[in-house]
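Hi everyone, thanks for coming. I'd like to walk you through one structure today, starting with a single residue and then stepping back to the whole chain. Have a look at it first.

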Amino acid sequence: MTWILPTRTGQYVVGEAPRGAGLVAVGWGPLADEAVPPVAATSSFEADLDLLPLEATALGTRNVHGAELVVRRADGVRGARLARTGEVSLTQDADGGTHLVCPLADDVLGLAVTLHVRTHPAHDVVEKWADLRNRSEQPIELLRGWGGAFNVPTSGAAHVDLLGGAWSREFTPFRASLGAGTLSIGSRQGITSHTYAPVVTVVPAGTDGALRSAGTDAPVRYGVALAWSGSWRMALDAVPFADHVRVAAGPDDESGVLTLAPGDTLTTPVLAGVRVEGDADDLAHAWHAYQVTLARTRGLEHRPVVYNSWFATTFDVRVEHQLRLAEAAAEVGAEVFVVDDGWFRGRTTDRAALGDWEVDTDRIPGGLGPLADGVKALGMRFGLWVEPEAVSPDSDLYRAHPEWAHHVDGRPLETLRHQYMLDLGRPEVEEWVLGTLRRLLTETEISYLKWDMNRSIADGGRTAPGGDDWSWRHTQAYYRVLEMLRAEFPHVTVEACAGGGGRIDHAVLARTDVVWPSDETGPRDRLAIQHGFLGVLPAWTMSSWVTDLPDQLDPDRESGPASLEFRFVVAMAGVLGIGSDLLAWDDATRERAASFVDLYREIRSVVHTGLTRRHGAPADAACAVQYTGTDAVVVLAWRRAGEAPLTVRLGDLDPDARYRVRGTDEARSGKELATDGLVVPWTWRDCDVVRLDRV
């Protein structure tokens, strides 16, 4: 028997595994209707369950190759032999999605596993997760507690595209070749981290470098992403001579152990997979279509043009200076004014006062209310920076509650950026954070909150029983606080930041409005970061600022700073922000900036809702990003020093429709623009913004 779960352009099909051992993947894509492939064990060293592409496996059900579930009961019973305990149900959710539920259990161990698979006609992504319940009378340790896997069919080796990096170098593309063995990436830092993004692309290799889809000339790509914001690990397992690569992921199984007490239930993070026939940007389109369903809106109400005061003031926050900056921000067209770090008492450096979230009335007399009123009188919203998970050793909060910091008794705490991390997984700490944010948002009319986190959790762990689950508890509490903000303060836009792109994944996208991809704002460096970001995440989540900071890494940095125009066009590729010291700009520069903010407003809806296609790469002599909407196309282009020409062959157009470059009389067909291309006119020396209207 098979079950079919339809997606936007295809279907995902599963069937019964032998001997009631759960479900097996049958097919994926537009022609996913084949029977379960036969399996023939070639020796007595492998069983059929080790060879079949099972939907979810456990050590004890599958014994030779990797498994997603590794468990141990308190009395030493290890492993689980899962078997179906009831009928598989296939139902339609209220939103039109198709939801498969398969009940499994090991009655000897006392563990029940309910496997979930879900699709939706709005996108091509398949979601998987599992509910785990301890039915025994003893605790069960989850040495690995992952909720399923995706089996990517291969023919020989597979190419694996991933995004790695470091602080200020996030979302850098890397490619690995995987013929046999396990490729593992992840984080032990309590957050997704700057080191790897929790998403990979698997491209099955063929004779010409990529497996082609039957009946088309398009390469087949498979993307897999984990929705988890704590420590995590993703494993890609290529068994020698097998016909697939198995991709599984979940909370990190090396730095912590989850324990289910008798009667406890745990739901694993969602693992999402998508299959496309096409290039890397076609895969990005598939991810972006899914990410729309995670967000509460793509509307402008939660994607304003931001001015942030950090680079103009650092910790020297004074009300009169902030209001002068606000006047300049309003002049250039900002829609929200955000006061960054340094607004609370004792916070004059990064060495003190985190946790003491009371306004510094010496520098801001009367509190935040009059400052917010002054900002609103200029026609802007008022926003505030917070770092609720952190605490300074030199703070009243830490002096009152040193036990609230992540620590292991008897082990000295490690200070990074002169601060500790609060153990948000403690109920009393979560309640304190909830109360602090409620107070701030109630006492002052704040409608934009930048939530930052500026160090990893290096001290995670407790000496109490069950203390290994510190990352799980911290992350779940983080989600609950974000969910409170959305439920009780729906007018507040939340920007997620962790020293730049240190905590970005589908779970964060579902609970916040925009994310800060990197602290690196040098424009050429930032363009490279945004190039990787847009390959898996959408422009309408990508906060990007114009600043006066130079590039730190780009090889052309010695040739001089990029122009103001270049900086604006880079930042216009997502959700525009400005972080420069506007009072250091002359009148002509501010007028020029205002004209770019006006231009951004003209193209913003296309940038945020159109299909994104990248042409070339930032390291090239010239490159561009295309956004294709229903009635208009926007092309943002950049080039390095010199006169490099650029012809962009536009994709995603209606070949029979006609498009006119704004400001000209010439209209060309979509087919012509795809084959002959658009010649970028280079309105400015090193960048351009071209808008084409469908006529």
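Let me begin with a question: in which loop does Thr 268 lie? Thr 268 is in the loop between strand E20, residues 265-267, and strand E21, residues 271-277. Before I go on, please keep in mind that this is a predicted model.

So, is Thr 268 buried or exposed? Thr 268 is buried, because its relative accessible area is 3%, and the cut-off for buried is under 20%. As for its neighbours, leaving out residues up to four places away in sequence, Thr 268 touches Trp 129, Ala 130 and Leu 132, and also Gly 145, Trp 146 and Gly 147.

Now to two other loop residues, where I'd like you to look at the backbone. Ser 193 sits in the loop between strand E14 (181-187) and strand E15 (196-204). Ser 193 is not a glycine, although its phi is positive, at about 90°. With a relative accessible area of 3%, Ser 193 is buried.

Arg 19 is found in the loop that runs between strand E2 (11-16) and strand E3 (23-29). Phi of Arg 19 is positive as well, near 55°, and again the residue is something other than glycine. Arg 19 is exposed, because its relative accessible area is 60% and exposed means over 50%.

On to a helix. The buried residues of H8 include Trp 470, Trp 472, Tyr 478, Tyr 479 and Met 484.

Let's step back to the whole protein. There are 13 helices and 39 strands. For 695 residues, a compact globule would have a radius of gyration near 26 Å, and the protein has 26 Å, which agrees. Along the principal axes, the C-alpha atoms fill a box of roughly 80 × 70 × 45 Å. Buried residues account for 61% of the 695. If you take contacts between residues at least 6 apart in sequence, 68% of them join residues at least 24 apart.

Finally, the surface and the charges. The protein has 67 positive and 97 negative charges, and their mean positions are 1 Å apart.

That's my tour; I'm happy to take your questions.

Terms used: Residues numbered from 1 in each chain as written. Predicted model: local features only at pLDDT ≥ 70, side-chain atom pairs only at ≥ 80, totals over all residues. Heavy atoms only, no water. Helix = DSSP H or I, 4+ residues; strand = E, 2+ residues; numbered from the N terminus. Rg over C-alpha atoms; globule rule 2.2 N^0.38 Å. Buried < 20%, exposed > 50% of the residue type's maximum accessible area, 1.4 Å probe, protein only. Contact = heavy atoms within 4.5 Å. Lys, Arg positive; Asp, Glu negative; His and termini not counted. Charge placed at Lys NZ, Arg CZ, Asp CG, Glu CD.
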